[in-house]
Amino acid sequence: MIIDPYKVLSVQQSATNDEIKKAYRELSRKYHPDSYIDNPLSDLAEEKFKEVQEAYEQIMKERENGYSGENTFYNGGSNPGNSEEESLEMKAVYNYLTAKYYKEALRALSGITQRNARWYYFCAVANSGLGNNIEAVNNAQQAVSMEPGNPEYVNFLNQIQWRNQRYQNTSNDTGRGFGSGNLCCDLWCADSLCECMGGDLCSCC
Amino acid sequence: MFGYVNIYKPELKMKDYYKYKAYYCGLCKTLKDKYGRLGQMTLTYDMTFLIILLTSLYESDTVREEHRCIVHPAKKHDTLCNEITEYVADMNIALSYHHLLDDWKDDKSIAGLAGVRMLRKDYKVICKRYPRQCSVIRESLHLLGTAEDNEEKNIDLVARSFGELMAEIFVYQQDFWEESLRKVGFFLGKFIYIFDAYDDYVKDLKNNSYNPLVTIHGKDSYEAECKSMLTMMMAECTSEFEKLPCIIDVDILRNILYNGVWTKYVAIQNERKLKEGKKE
């Protein structure tokens, strides 16, 4: 982890994504190893080049979910579960997920017969990691409907929802969008979408 | 492929439109020079997107030329070509070869067999040069065929084979950008597969062919669910795309990803409205 990746790229924290991309391009060109062949500074330049790449990657990951940070599961945000209540099998799944062994996690999950909210949540995380994003949403919805007050499950759904909303907003801003062309109807759609994901955009409908 | 990954012309600047056309003509010309008339016939818009994406990411040196072509013989056209165009032309031939092979196997199509015979030699050369991509194309299409034969009901599972195929093709070289390119390709591939199923639903029903959307088709929420699935695929695809440091031609790329991919979808909706209007 770089403590201040913005400083490495010499940009303000408030810089837009496109400004960061331009800064990255300039610096990576400046320190590119190809420009330092047979040069005593080549080691230094290579180090700098790697640092620039890392800083860029870090900023992009941080910004991915609307500044809310990466998926909470990997940042120790997930509760490992009450050691007495949680079965050994579920603990094994938890360990697979933190190590990003999603296939193994799914296999272990399919052998567990007690399917509570947490089981569905674990399925959601594993499916999401494998790119099975339709299944992941279904699992996460199930987890939230079984335990609506659990912030971890709700947060997981919200992150997916946030990406969908960002896509639709950009699409509407940059073109015809593919909305109905009717603000009320779009709002209603957005609200329904939120509600089916466990949130609520406007409480009146 | 299917031609779903296209531009949305009304929102594209003129200069970007001409540049897009020039990349497209560049691919057409490369296909013709390397693989002859048959190669040229495999041209689609989908692959033009990949050329622009990789060219923007790797900032490859691009050559602009003017050419006449058989489609537009009266006027000279700009073409833009680079190493990426060559790569994408090769991938296009590899995909077309498998497509023709399937046509021959499934329907005993004579045109398929003729195409396979003509492209076999080229395909073998491409396989030697790009073993990673070609083996994944082969495996993914095999898995896809098995899933379709078994009438797999889980849409994620069927669509992911095509996603994995696209993911592999998007990885031009295994470097720092591999993970992001893989995801962009994967979710775009899933989008294409699901959209193709949506587009072909009526036809598949008539022919009694397998369609992965059969499980949700009876529901009242069918249309909404399809749109929601397609949106989800593009949301994941673009959230990964936005992580790539693409500056050159980013307006074209965003035009395609945020609007262009819906062109056919909107056309289908309008067509249906028109039909319903006539009935009333």
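Of the 205 residues of chain A, 30% count as buried. A residue is buried if 20 or more other C-beta atoms lie within 10 Å of its own, exposed if 12 or fewer, and partly exposed in between, with C-beta atoms placed from the backbone. This is a predicted model, in which local features need pLDDT of at least 70 and side-chain atom pairs count only at pLDDT 80 or more, while totals for chains, interfaces and linings use all residues. Residues are numbered from 1 along each chain as its sequence is written, and chains are lettered from A and ligands numbered from 1 in the order in which they are written.

Start with chain A. Its secondary structure comes to nine helices and zero strands. Helices (H or I, at least four residues) and strands (E, at least two) are DSSP runs, numbered from the N terminus. Read from that end, the elements of chain A run α-α-α-α-α-α-α-α-α. Next, look at contacts. Two residues are in contact if their C-beta atoms, placed from the backbone, lie within 7 Å. Take the contacts in chain A between residues at least 6 apart in sequence: 41% of them join residues at least 24 apart.

A:V8 is found in helix α1 (residues 5-8) of chain A. Is A:V8 buried or exposed? A:V8 has 21 C-beta neighbours inside 10 Å, so it counts as buried. Leaving aside residues up to four places away in sequence, A:V8 touches A:I2, A:E51, A:V52 and A:A55. A:A23 is 15 residues from A:V8 along the chain, and the C-alpha atoms of the two are separated by 9.9 Å.

Now move to the loops. A:S10 sits in the loop between α1 and α2 (17-30) of chain A. A:S10 is not a glycine, yet its phi is positive, at about 50°. A:S10 counts as exposed because it has 10 C-beta neighbours inside 10 Å. A:D38 lies in the loop between α2 and α3 (42-64) of chain A. Phi of A:D38 is also a positive value in a residue other than glycine, near 55°. With 5 other C-beta atoms within 10 Å, A:D38 is exposed.

Turn to chain B. Its secondary structure comes to 12 helices and two strands. Along the sequence the pattern is α-α-β-β-α-α-α-α-α-α-α-α-α-α. The radius of gyration of chain B, taken over C-alpha atoms, is 19 Å, close to the 19 Å that the globule rule gives for 280 residues, so chain B is as compact as a globular protein of that length. That rule is 2.2 Å times the number of residues to the power 0.38. Along the principal axes, the C-alpha atoms of chain B fill a box of roughly 50 × 45 × 40 Å. Of the 280 residues of chain B, 47% count as buried. Among contacts in chain B with a separation of 6 or more, 65% come from residues 24 or more positions apart.

Follow one helix of chain B, α3 (residues 83-107). What span should its 25 residues have at 1.5 Å a residue? They should span 36 Å, and the end C-alpha atoms are 36 Å apart, which agrees. The expected span is 1.5 Å times one less than the number of residues. After α3(B) comes B:K108, whose phi is positive, near 50°.

α3(B) packs with helix α4 (residues 110-129) of chain B at an angle of about 145°, with their axes 9 Å apart. Axes are lines fitted to C-alpha atoms, for helices over the stretch in contact, and angles run from 0 to 180 degrees between N-to-C directions. The residues of this contact divide into 11 nonpolar, three polar and three charged. Ala, Val, Leu, Ile, Met, Phe, Trp, Tyr, Cys and Pro count as nonpolar, Asp, Glu, Lys and Arg as charged, and the others, Gly among them, as polar.

Finally, see where the chains meet. The contact takes 26 residues from chain B and 24 residues from chain A. On the side of chain B that touches chain A, α10(B) gives the most, with eight residues. The residues of that side divide into 14 nonpolar, five polar and seven charged.

One helix links these themes. Eight of the 10 residues of α11(B) are buried, so α11(B) is largely enclosed by the rest of the structure. Its buried residues pack against α8 (151-174) of chain A together with α1 (14-41), α2 (45-58) and α10 of chain B.
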